[in-house]
Amino acid sequence: MSKVKHSAFKYDFLGSDPRDIQRSVSNHLVYTVGKDPYTATEHDWMMAFSHVVRDRLIERWMETQRNYYRHDAKRVYYLSMEFLIGRSLINSLLNMDIHDACTEALHKLGIELERLRGLEHDAALGNGGLGRLAACFLDSMASLNIPGYGYGIRFQYGMFRQKIENGCQIELPENWLAHDNPWEFPRPEVSYRVRFGGRVMEYQDSTGRRHFDWIEGDVVLAQAYDTPIPGFQNDTVNNLRLWSAKAYEDFDLDRFNLGEYTEAVVGKTLSENISKVLYPNDSSTMNKLLRLKQQYFFVCASLKDILRRFFTDHDSLSDLPDKVAIQLNDTHPAIAIPEMMRLLMDKHHLEWQPAWEITTRVFSYTNHTLLPEALETWPVDIFEQMLPRHLQLIMEINRRFLLMLGHLHPGDIDILRRLSIIDESNGRRIRMAHLAIIGSHKVNGVSALHSELLRESTFRDFNGFYPGKIINITNGITPRRWLYQSNRGLSQLISEAIGSTWVRDLSQIGQLEPLAADPHFQERFYAVKQTNKQRLAKLIHYYLESKVDPETLFDVQVKRIHEYKRQLLNLLRAIALYNRLVDDSSTACIPRTILFGGKAAPGYTMAKMIIRLINDVADVIDNDPAVSDRLKIIFIPNYDVTTASDIIPAADLSQQISTAGMEASGTGNMKLALNGALTMGTLDGANVEMHERIGAENIFIFGNTTEENRKLNQQGYQPRRYYESDPVLRRVIDMIANGFFSPEEPARYRSITDSLLNSDHFKVMADFGSYLAISDQADQVYRDTAEWTRRAILNTARMGYFSSDRTIHEYAEKIWHVNPIR
């Protein structure tokens with residue numbers, strides 16, 4: 001028996017036909033997992049099969065890296081706190097074009113691929129759109145043969161696993177690594193020292209030049225873990241390198257021998273906290289310090305790694321901008337700018353000017369927010385305590401910048417105050433966005449409206465000082481993950497109709513347009529949607545024990561819970577619809593299931609209160625037999641990539657209802673529209689461009705525009721007027737305020753209603769009337785199944801522009817100046 005197994009393993013070539021794959025699975029079950037088919041669990045089979053797929057990735061991965069070295073390629077390094085890559089198994093099978101062969105091989109072994117797929121954990125490396133965008137970009141870079149690398153943190157427990165108890169969000173550790181991660185490669189030999197605290201020693205050399213050494217303090221090790229990122233059927237496999245924090249000295253034997261067991265490992269615990277949790281609740285000073293530590297930790301290790309790779313084939317740092325492009329995904333990695341200056345000056349002994357020229361040519365920065373409170377700032381004293389050398393460099397960058405600014409605007413103290421990296425008005429804080437703008441050669445917004453507002457409002461003065469630096473590159477999504485993989489029924493229907501080239505080039509999906517009016521194609525398109533709805537209804541029943549009728553309209557809002565995204569507005573509409581049904585049970589209405597999903601930041605009290613209100617309203621409606629068969633609200637907990645892949649293909653209506661002028665872009669809007677959901681939304685973020693490309697008649701637009709909101713603020717916005725003039729709205733607000741949905745605690749939601757009536761920063765009251773009206777208009781269209789389906793097909797057909805492949809092509813051309821390596 002041993003000889004047979006050994007012989008099989010010896011001839012286990014990495015072929016792609018079912019027999020080769022079947023043999024590989026059997027070998028890995030024995031030689032990697034250490035089980036035989038009689039004792040193996042489903043998880044054992046999943047691990048064995050994952051290693052089979054990984055083997056085939058490794059060959060392509062290594063050849064890709066060799067190819068980049070052979071071509072002396074310019075590389076793109078994408079620095080991001082989040083990479084929400086989801087699950088890797090099915091994505092890898094489809095991208096390597098071995099899905100069907102693997103399905104057949106597993107079936108012959110008595111294993112079903114769908115069962116194994118469900119056992120894989122989502123990689124808990126992000127929270128919302130920022131992380132999912134980064135993951136889409138990695139997919140597109142690999143699919144376009146662009147030498148791209150992701151750098152981030154290997155969070156052991158992610159952000160948190162969301163559980164709903166008594167309607168409230170409960171945060172639990174997301175222990176996604178509990179059963180090992182077959183897709184990553186630990187690299188203990190790739191580790192870098194990261195320093196915190198200490199002091200800066202200044203001295204002069206024999207020529208009189210000043211030098212700075214950052215010494216003492218605490219040191220943590222950053223160890224690399226690599227995850228291969230396959231392109232779509234092109235043999236390119238790029239790399240995502242994540243850093244895990246390790247103690248420099250992790251065990252004190254002397255203390256252990258004294259019986260001080262806890263103290264013996266305290267250094268290990270404090271060091272490894274850095275990579276435990278994404279975005280720890282920053283309501284405490286210790287957690288604020290931890291968040292800054294996280295940012296510097298991964299930036300420091302990443303830049304050292306980038307320079308190490310550069311020096312493998314190059315000697316002169318003057319060549320660095322021709323071989324390296326570093327993209328800062330939001331301000332979290334903006335500390336990379338002074339860190340690069342530190343490395344170039346303190347370690348490689350460059351003078352300021354050449355170091356600064358290299359730094360600014362290498363870095364570019366993507367802004368993701370217009371909200372002033374979301375533009376990251378750090379107290380100067382925290383930097384002085386934790387990163388003293390970087391504070392010196394930031395101060396010098398700022399001094400030189402303000403000198404240049406002062407020459408252009410002599411005597412204008414106000415513009416110096418507005419553009420300074422240091423905000424002197426609020427306890428001296430470092431404006432990380434200002435640092436990123438000054439230290440980058442390009443800055444981009446992520447939708448046409450967002451970029452326009454950056455240039456004309458948020459960073460207007462910077463746009464005047466750096467004309468042409470702030471550009472637009474509208475976000476996109478990968479069609480491989482968000483249609484080809486997530487919606488197999490629809491992707492097969494599309495490929496039968498127009499061929500499969502759309503998977504690689506989403507602009508080809510426009511060929512569907514003539515079929516939108518074809519009754520036969522409409523029927524098949526509608527059938528796919530109904531199948532997806534039935535599947536989602538079964539999942540909801542299985543996991544939440546709630547019955548959902550797939551014949552109802554699936555009205556979906558799934559995204560991070562935030563006041564500007566206005567889940568509250570959606571809920572007010574739901575209560576108004578509920579009141580209609582209560583008042584007149586015979587009223588004609590579209591049976592509707594409203595689906596919410598998303599996490600609230602642990603310290604965001606109002607967002608967590610909104611989640612609780614959603615669940616309280618859902619309970620009241622669900623327990624009212626007069627309406628429960630025609631209106632239902634479901635909050636789906638722990639929204640992640642896999643949950644999104646279940647919900648999005650089943651959606652009929654997509655709620656994209658942020659306050660106009662506050663959403664940078666949004667990508668959930670794109671995913672839902674690509675899968676045939678009609679959008680109901682404001683003219684905000686990428687909705688504006690979707691409105692232009694999909695056509696006004698195929699999207700439901702409502703609410704005040706950005707300019708109208710600005711005028712409301714200028715005139716002195718008074719939300720109570722809407723309450724007093726609209727009896728429907730007044731009744732809804734009163735029900736919430738008076739405890740209709742929380743009779744055991746009538747004042748539970750008074751803080752929400754007080755905020756709406758007295759300030760309403762996010763214009764919920766102002767937009768309620770037009771929102772309810774457009775909802776009624778959508779219902780009228782939905783009554784005509786053929787017309788709704790025609791519009792749904794046109795939504796899918798006209799989403800070609802919103803591919804992340806197009807986005808990455810624009811980055812490569814306008815910012816990075818890199819070429820594909822085939």
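This is a predicted model: local features need pLDDT of at least 70, side-chain atom pairs count only at pLDDT 80 or more; totals for chains, interfaces and linings use all residues.

Trainee: OK, in what order do the strands of the open sheet come?

Mentor: The order is β5-β8-β9-β2-β1-β10-β11-β15-β16, nine strands with mixed pairing. Strands are DSSP runs of E, at least two residues, and helices are runs of H or I, at least four, both numbered from the N terminus. Two strands pair if DSSP finds at least two bridges between them.

Trainee: Which strands stand at the edges?

Mentor: β5 (185–196) and β16 (470–472); each has a single partner strand, so one side of each has no neighbour in the sheet. From one strand to the next, the twist averages 25°, with axes being lines fitted to C-alpha atoms (for helices over the stretch in contact) and angles running from 0 to 180 degrees between N-to-C directions.

Trainee: How many bridges join β1 to β10?

Mentor: Five, and the two strands run parallel. Valine 76, for instance, has alanine 325 in β10 as its bridge partner.

Trainee: And which strands does helix α3 lie across?

Mentor: Helix α3 (residues 42–70) lies across β1, β2, β5, β8 and β9, at about 100° to β9.

Trainee: Switching to charges: how many salt bridges does a search of the whole structure find?

Mentor: 54, counting a side-chain nitrogen of Lys or Arg within 4 Å of a carboxyl oxygen of Asp or Glu. One of them links arginine 70 and glutamate 63, with the closest N and O atoms 2.4 Å apart.

Trainee: Is arginine 70 buried or exposed?

Mentor: Exposed, at 52% relative accessibility, while glutamate 63 is partly exposed at 33%. The cut-offs are under 20% relative accessible area for buried, over 50% for exposed and partly exposed in between (1.4 Å probe, protein chains only).

Trainee: What about glutamate 810 and lysine 814?

Mentor: Their side chains meet in a salt bridge at 3.5 Å, N to O. Both lie in helix α35 (residues 804–816), four residues apart, about one turn. Glutamate 810 counts as buried at 14%, and lysine 814 as partly exposed at 36%.

Trainee: Which residues do shared partners join into one network?

Mentor: Arg187, Asp226, Arg241, Asp305, Arg308 and Arg309. Within that group, aspartate 305 and arginine 309 form a salt bridge at 3.3 Å between the closest N and O atoms, and both residues are buried.

Methods. Residues are numbered from 1 along each chain as its sequence is written. Side-chain values use heavy atoms; hydrogens and water are left out. Contact means heavy atoms within 4.5 Å.
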